[in-house]
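This briefing covers domain layout, a helix pair and backbone geometry. Please consult the sequence and structure shown below alongside the text.

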Amino acid sequence: MDGVWRTIKGRRVFIKNGETPTEAFKRQYINEEKISKNQKEQIEKSENEIYSLNIEYLYAIDENGNVSKFSSNLPNAVLKKDIDLSKVKNAICVHNHPSGSCFSPGDIFTFVDYDMKETRVICKQNDKIVEYSFKKDKNFDYTFTYPEFKKNFDKNKKNLIKEVNSGNMTVDYANKMLSESSEKWFNENSSKYNFIYKKEIKGWKRKDT
Ligand SMILES: [Zn+2]
């Protein structure tokens, strides 16, 4: 998908070719405007609380701003058995990625499986704090979104593992490349499969620097 990034009302907006800036802004931010003030505040607070942790946490924030916190004490997953699914259903869910990467295929699978309203990842990337978000648009096509993303992810991962094993690349660099290939996939396929994806760099000062 070709297009350009612009800053509109202080937000980074990806304008696809043939789309007006207003259309692009609406596509990426209109649903967010429906979030209650309390829910929005609790999301920010939750993200700030977990972004720098080395263990993965999943916080579910309901429309009234009630926060439910879950963890399996693992660096790369929160297991289904440790999550109260009734709290996650229809909630905006935020989890941290200690690895600093974009969504995994499992994140997209659980988004649908758990019936979330929106899923977000908050993480550190160098000196920045980055938030990824994913939610349905009208006519969201799950049938293809998950398998197609997973296929792309697995193919890239396999190639990168080869590079690491042959000594051409460090593991850290390969992880960064994998994350970037996922970002590219989400940007290129949002209108094809009707989902809303965005990446936002937070303006907060990092706690650990
Ligand atoms: Zn995840």
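What distance separates the centres of domain 1 and domain 2, taken over C-alpha atoms? The two centres are 21 Å apart. The model is predicted: local features need pLDDT of at least 70, side-chain atom pairs count only at pLDDT 80 or more, and totals for chains, interfaces and linings use all residues. Residue numbering starts from 1 along each chain as its sequence is written.

**Domains**
- The domain assignment gives domain 1 (1–31) and domain 2 (32–202), with bounds from an automatic or database assignment.

**Helix pair α4 and α5**
- The axes of α4 (residues 105–113) and α5 (residues 142–165) come within 9 Å and cross at roughly 165 degrees; axes are lines fitted to C-alpha atoms over the stretch in contact, with angles from 0 to 180 degrees between N-to-C directions.
- Helices are DSSP runs of H or I with at least four residues, and strands are runs of E with at least two, numbered from the N terminus.
- The helices α4 and α5 are therefore roughly antiparallel (an angle over 145 degrees).
- Pro105, Ile108, Phe109 and Val112 in α4 meet Tyr142, Thr145, Tyr146, Phe149, Lys150 and Phe153 in α5 (C-beta atoms, placed from the backbone, within 7 Å).

**Positive phi values**
- Asp115, in the loop between α4 and β6 (118–125), has a positive phi near 60 degrees.
- Asn126, in the loop between β6 and β7 (128–136), has a positive phi near 55 degrees.
- Asn126 counts as exposed because it has 8 C-beta neighbours inside 10 Å (exposed: 12 or fewer; buried: 20 or more; partly exposed: in between).
- Asp115 counts as exposed with 12 such neighbours.

Key. Angles under 35 degrees count as roughly parallel, over 145 as roughly antiparallel, 65 to 115 as roughly perpendicular and the rest as oblique. Two residues are in contact if their C-beta atoms, placed from the backbone, lie within 7 Å.
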